[in-house]
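Please keep the sequence and the three-dimensional view at hand while reading.

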Amino acid sequence: MFVCLFVCLFTEIMCAAPNIENAEIVRGQRLNYRINSRIKYKCHPGFEPEQPVHITCDSQTQWTGIQQCTEIMCAAPNIENAEIVGGQRLNYRINSRIKYKCRPGFEPEQPVHITCDSQTQWTGIQQCTEIMCAAPNIENAEIVGGQRLNYRINSRIKYKCRPGFEPEQPVHITCDSQTQWTGIQQCTEIMCAAPNIENAEIVRGQRLNYRINSRIKYKCHPGFEPEQPVHITCDSQTQWTGIQQCTEIMCAAPNIENAEIVGGQRLNYRINSRIKYKCRPGFEPEQPVHITCDSQTQWTGIQQCTEIMCAAPNIENAEIVGGQRLNYRINSRIKYKCRPGFEPEQPVHITCDSQTQWTGIQQCTEVTCQFESIITSGVKRIIPEGQTVFKVGENVEIICTEKHLFSTKETSKSFTCQSNGKWDRKPGCEITCEVPHDQQVSGLEYYFRGDMKLGAKRSYSCKSEYRKTAEEATCTRDGWIPKPLCAEMMCDPPRIPNAEIVGGQRINYRINSTIQYKCSPGFEPEQPVHITCDSQGQWTGIQQCTDGTCQEQELKNIEIIFGYPSLTSPYKSGHILVFRCTDDNMRFYGQYSVKCQPDGRWNYPYPQCGGTVQCSKPTKNLQFVTLSDEKTEYGNSESLIYTCKKPYNESAGGVLMCQNGNWNGTYNCRNKICPPPPYLQHGDYSIISTKDDVITAVSYTCQSYYVLTKQHEVYKCVDGKWETPPKCLRPCEIDDIVKKYNLQLPTGKVYIRHAEKYRLNCRDGWNTGSEMKAYVDVSCSDGNLQIDKSCDAQNNSK
Ligand SMILES: *[C@@H]1O[C@H](CO)[C@@H](O)[C@H](O)[C@H]1NC(C)=O
Ligand SMILES: *[C@@H]1O[C@H](CO)[C@@H](O)[C@H](O)[C@H]1NC(C)=O
Ligand SMILES: *[C@@H]1O[C@H](CO)[C@@H](O)[C@H](O)[C@H]1NC(C)=O
């Protein structure tokens, strides 16, 4: 301007050459350009616009149309989640090379180099992507709430194992900054571990684990049982069901009666064990016995312990009283009797001593009778003559002179040497009575023995269907009186009040005869009654004629305490009486009340009172209790307090009361495991095994002479209950009853065991009829003496 001002005044007005940076005038630059000149310029390479720019010198000498040349550049790159290292500018020259870094948590993590290319584009850009965890890949599991492709760092998710896999609880896992999941637990199948059974082997291959419901089998090692393979199953709780432990096959402790294992007994013994036992004192063998448990779990070599016993004594001309056995226990005391004709006559007691020898034996020596020749009065002759010593059973005959009469009108009499060394009668010529044969007397030899001199009296009995005509028979000059000694048994006429015999009454009636009677009018029964004279001379079938009232009876030690409808008679049908003892300490026998029946009889006899009532100490299970008051007898109404002992003290104890001779209960002591073993009447038990002092197995024995129903058995308590115990069968006493069968009652008491036999002789003069057998074998069945035969035949009279 200043130039123009100065120049223009003097020269043509012109535009000075334009001054455009980074540009060049196309085709020659001049100093000035005329008004309206049109020129063009181009920006240097690297600047824009790239096209030539047309400019015009306007009348004001100003260039119009100028566009400045600006450098061509890249804009700052726009990369998300990244930062330009060294700060960011607005533009970057072509070929600029810069680097950026992704934000933490994005990748790539290394700085990225980028270049501004000639097109002003950045080359080499890598987007920043977030660093994440890929979805976890857990077998047999499922992500709770669904699965995504990726999870941010620090995400916390949970997954669950499939059913049948564990853990069963959901598992929480976290995506850590390394894009790793932390906390993963693999899902493993729920399985049973291989079973651990001692002394056994899995059949066909063992594995570490077995699936639920697997069924496998195992076998116990040889020598263990069970011997069969055992099947077991892996249940849903991963427990094996059906396991049976393998126990060693062993011998049970040997059960040898009356023996003791040396060194103590164990429950079981291994195969091939060798042990020894000793018999109890008094049993043999006396040396210890060695036995071995064989492979069949049987003991070999056992020798039973047999009691050391005495053999039956061998005493000539003697007989053991009560029958002879093969052996007798040590300390047994038995007795024998010498045969008739031998002495001593009294039974001899002998004892089996500890050396199995009988002590106390006395030999039986023959008995003889001395015939004294002093008895000369009236004697005419003696046969045999001169003999003074006679054996038992031998006779001497005396012929008497006529001035002495025998009842039988005989002048000769025979005398017999008896087994006691005495003559049956005193030898001599005196009046004696003969044995009354043919007089229906039974047991002649029994009643009519010994001296039967004038005046001798004998009690006697008659054969059946005969009755005695006197209490005793008396020897008179005319023989035995009364005559006859036995008369046919007959019934006297029946005495029935208020009745009449049909067809009239006789003096007496023969056995088996039947008659009939009728009750008087107003008395019952109305029908005629048939009655029979039985073999005892008694009428059977009698019915009293009654008008329906019951008779009063004698009251002894007893009183009527209640009567309905009245206390006193008459007692009609339906009348009730109640009794009690006049003394409370007396024992009451019978029914407490009686009732009058329509036939005029009491339904029960009047009761009776007598004696004093006592109870003996209850002994059943006595060992389990402590008594407050130890006595053997307790009075009536007395109570007995007991406390239960350990281990049966689940109940503390109780009270028993003696009521009319009986206790009102038994000791009630219990234990949860087992009650006390059942009590065996007439027996006892020995303890076989216990558990915490509670008895769990016993064996039973009976008192002597009682016989156990089952032997050598162990009775166990199973599930709190005892097996049914055996019984002790009662012995029999050979008592008076045998006389009914004409058998001879042994001297002294004889007991025989259940199922045992005993031989009884017939009473003198009797036999069983079959081949004149003179004995009967009786037997015992649980306390009942069984006699199948009687001695009902008489020996032939001599
Ligand atoms: C009585 O009858 C019984 C049985 O019929 C018979 O065994 C017995 O011999 C008879 N007695 C008399 C004496 O007739
Ligand atoms: C039984 O007695 C024992 C010892 O005296 C005692 O420890 C136990 O508790 C008693 N049992 C019962 C059920 O009373
Ligand atoms: C026996 O009688 C006494 C006294 O009356 C009573 O306490 C007890 O419980 C009775 N015992 C039995 C087992 O009934």
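A nonpolar core is a set of buried Ala, Val, Leu, Ile, Met, Phe, Trp, Tyr and Cys residues joined through side-chain atoms within 4.5 Å. Buried means under 20% relative accessible area, exposed means over 50%, and partly exposed lies in between (1.4 Å probe, protein chains only). The model is predicted: local features need pLDDT of at least 70, side-chain atom pairs count only at pLDDT 80 or more, and totals for chains, interfaces and linings use all residues. Residues are numbered from 1 along each chain as its sequence is written, chains are lettered from A and ligands numbered from 1 in the order in which they are written, and side-chain values use heavy atoms, with hydrogens and water left out.

In soluble globular proteins, nonpolar side chains tend to be buried together. The largest nonpolar core here has 28 residues, of which L627, Y642, W663, Y667, I695, V698 and Y700 touch the most other members. At least two residues of this core come from each of strand 75 (625-627), strand 77 (639-644), strand 78 (653-659), strand 81 (694-702) and strand 83 (715-718). Strand 81 contributes the most, with five residues. Strands (E, at least two residues) and helices (H or I, at least four) are DSSP runs, numbered from the N terminus.

Which residues does I695 touch, not counting residues up to four places away in sequence? They are F624, Y648, C674, P677, Y685, I687, S689, T690 and W722. Contact here means heavy atoms within 4.5 Å.

**Disulfides**

A disulfide is a covalent bond between the sulfur atoms of two cysteines. In this report a disulfide is counted when a pair of cysteine sulfur atoms lies within 2.5 Å. By this rule the model has 25 disulfides. Three of them are set out below.

| Pair | S to S distance | Torsion about the S-S bond |
|---|---|---|
| C43 and C69 | 1.7 Å | about -90° |
| C279 and C305 | 2.0 Å | -80° |
| C581 and C609 | 2.1 Å | -85° |

The torsion of C43 and C69 is about -90°, so this disulfide is left-handed. C43 lies in strand 4 (residues 38-43) and C69 in the loop between strand 7 (63-64) and strand 8 (70-71), so the bond ties together parts that are 26 residues apart in sequence. Both C43 and C69 are buried.

The link of C279 and C305 is left-handed. It connects distant parts of the chain, with C279 in strand 36 (residues 274-279) and C305 in the loop between strand 39 (299-300) and strand 40 (306-307). C279 and C305 are both buried.

The link of C581 and C609 is left-handed. C581 belongs to strand 70 (residues 576-581) and C609 to strand 73 (residues 608-612), 28 residues apart. Both C581 and C609 are buried.

**Two loop residues**

Is S273 buried or exposed? With a relative accessible area of 15%, S273 is buried. S273 sits in the loop between strand 35 (268-270) and strand 36. Not counting residues up to four places away in sequence, S273 touches I291, T292, C293 and W299.

K422 lies in the loop between strand 53 (412-416) and strand 54 (441-442). At 53% relative accessibility, K422 counts as exposed. Leaving aside neighbours within four places in sequence, K422 is in contact with C369, T416 and C417. The C-alpha atoms of K422 and Q370 are separated by 7.8 Å, although the two residues are 52 residues apart along the chain.
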